Amino acid sequence: MNRPPHIVLSASRRTDIPAFYMPWFMNRIERGFFEVVNPFNRQVSVVEAAPERVHTLVFWSKNFGPFLEGGCGEKLQERGYHLFFNFTVNSAAPLLEPRVPPLKVRLEQLADLCRRFGPRAVHWRFDPICFYTAANGAIENNLADFGRIATAAAGCGVRQCITSFMDDYAKIRRRTAAKPGFSFLYPDPADRRRIVLKMAEELAQKGIALFLCCEKDLLESLPSGSGIRGSSCIPNEFLAELYGGNLSFKKDSGQRVSSGCGCKVSMDIGSYQSQPCRHRCLFCYANPASL
């Protein structure tokens, strides 16, 4: 008799659980299940969380400080869980990300994650790439520290960088309307190609491959041999390679598949409404426009 595949728990695309909600997460792990509210129809479903049913816990964060300080990863491993990390480390641009830790601290966290859990279990996200007009009229972007971060990531053994360009959501426009003189800019296709090809060239020199998240048109426009590939931020094939086990390799139909999302099926246990992210990033698609 075939056993059902183990599940992957995503924690979370909807909020930053490692930064703000680890006590809640660990409590639910102790209880053996999560109650998840569908953000569209508000229906509640129960998601099993026992290690016998869960293959990997995938954590997404911009600040793994509380996770690391609490020894949460080690406690979860002792219970039998496999761990995987999507760590977003962008340049120091407090106007865009006002409440993330200083870049030096985030790079220390990246090194700590790699030391404790192995660099293969850590993917670096530089996401999103932002261009904007500042209050003084200057055109700026958040690429200033990209090389510094890449050097640090390579030194930790990280071999993948995932990126995308900022998407234009109505709530982002409403949020930025309250900032006089500020506006996001959207590079044309030729500029986007030039930017990612330059990033890929710099990364290749450090042994890191560049992956694009939900950038199907851009990916298809790149020259053959660029080495840039589409991303799977929930990479079940890689998780099976890393940890073995029985996993589904189906694409997650709830994600932006038509835009090039390569994520495989998982259960996201976060909440936009009851667990708001407190980073207050200006480009955030999850939080309300007022935040």
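This is a predicted model: local features need pLDDT of at least 70, side-chain atom pairs count only at pLDDT 80 or more; totals for chains, interfaces and linings use all residues.
The chain holds 10 helices and 13 strands. Its C-alpha trace spans about 60 × 45 × 35 Å along the principal axes. The radius of gyration is 19 Å, which agrees with the value near 19 Å for a compact globule of 291 residues. Buried residues account for 52% of the chain.

Eight strands form an open sheet with parallel pairing. Their order is S12-S11-S9-S6-S5-S4-S1-S13. Strand S12 (229–230) and strand S13 (267–268) are the edge strands, and each pairs on one side only.

Strand S5 (residues 82–88) lies between S6 and S4 in this order. On one side, four bridges join S5 to strand S6 (residues 122–129), and the two strands run parallel. Phe87 has Trp124 of S6 as its bridge partner. Thr88 stands opposite Arg125, also in S6. Strand S4 (residues 54–61) pairs with S5 over six bridges, again in the parallel sense. Here Phe59 stands opposite Phe85 of S5. Six of the seven residues of S5 are buried, so this strand is largely enclosed by the rest of the structure. In a regular strand, side chains alternate between the two faces of the sheet.

Helices lie across these strands. Helix H5 (residues 103–117) lies across S5 and S6, and runs at about 160 degrees to S5. Helix H6 (residues 146–156) lies across S6 and strand S9 (160–165). The angle between H6 and S6 is about 170 degrees.

Met22, Phe25, Met26, Arg28 and Ile29 are buried. These residues cover an arc of only 160 degrees around the axis, which puts them on the same side of H2. Pro23 and Glu30 are exposed on the other side of the helix. Several elements cover the buried residues of H2. Among them are strand S1 (7–11), strand S2 (33–37) and S4. Helix H1 (17–20), helix H3 (65–69) and helix H4 (72–79) also contribute to this cover. S1 and S4 are both strands of the eight-stranded sheet. Gly32 follows H2 and has a positive phi, near 95 degrees.

The count of disulfides is zero. A disulfide requires two cysteine sulfur atoms within 2.5 Å. The sulfur of Cys156 has its closest cysteine sulfur in Cys114, at 4.7 Å, which is too far for a bond. Cys263 counts as buried, because its relative accessibility is 4% and the cut-off for burial is under 20%.

How values were computed
Residues are numbered from 1 along each chain as its sequence is written. Side-chain values use heavy atoms; hydrogens and water are left out. Two strands pair if DSSP finds at least two bridges between them. Contact means heavy atoms within 4.5 Å. Axes are lines fitted to C-alpha atoms, for helices over the stretch in contact, and angles run from 0 to 180 degrees between N-to-C directions. Buried means under 20% relative accessible area, exposed over 50%, partly exposed in between (1.4 Å probe, protein chains only). The arc is that of the directions from the helix axis to the C-beta atoms. The radius of gyration is taken over C-alpha atoms; the globule rule is 2.2 Å times the number of residues to the power 0.38.
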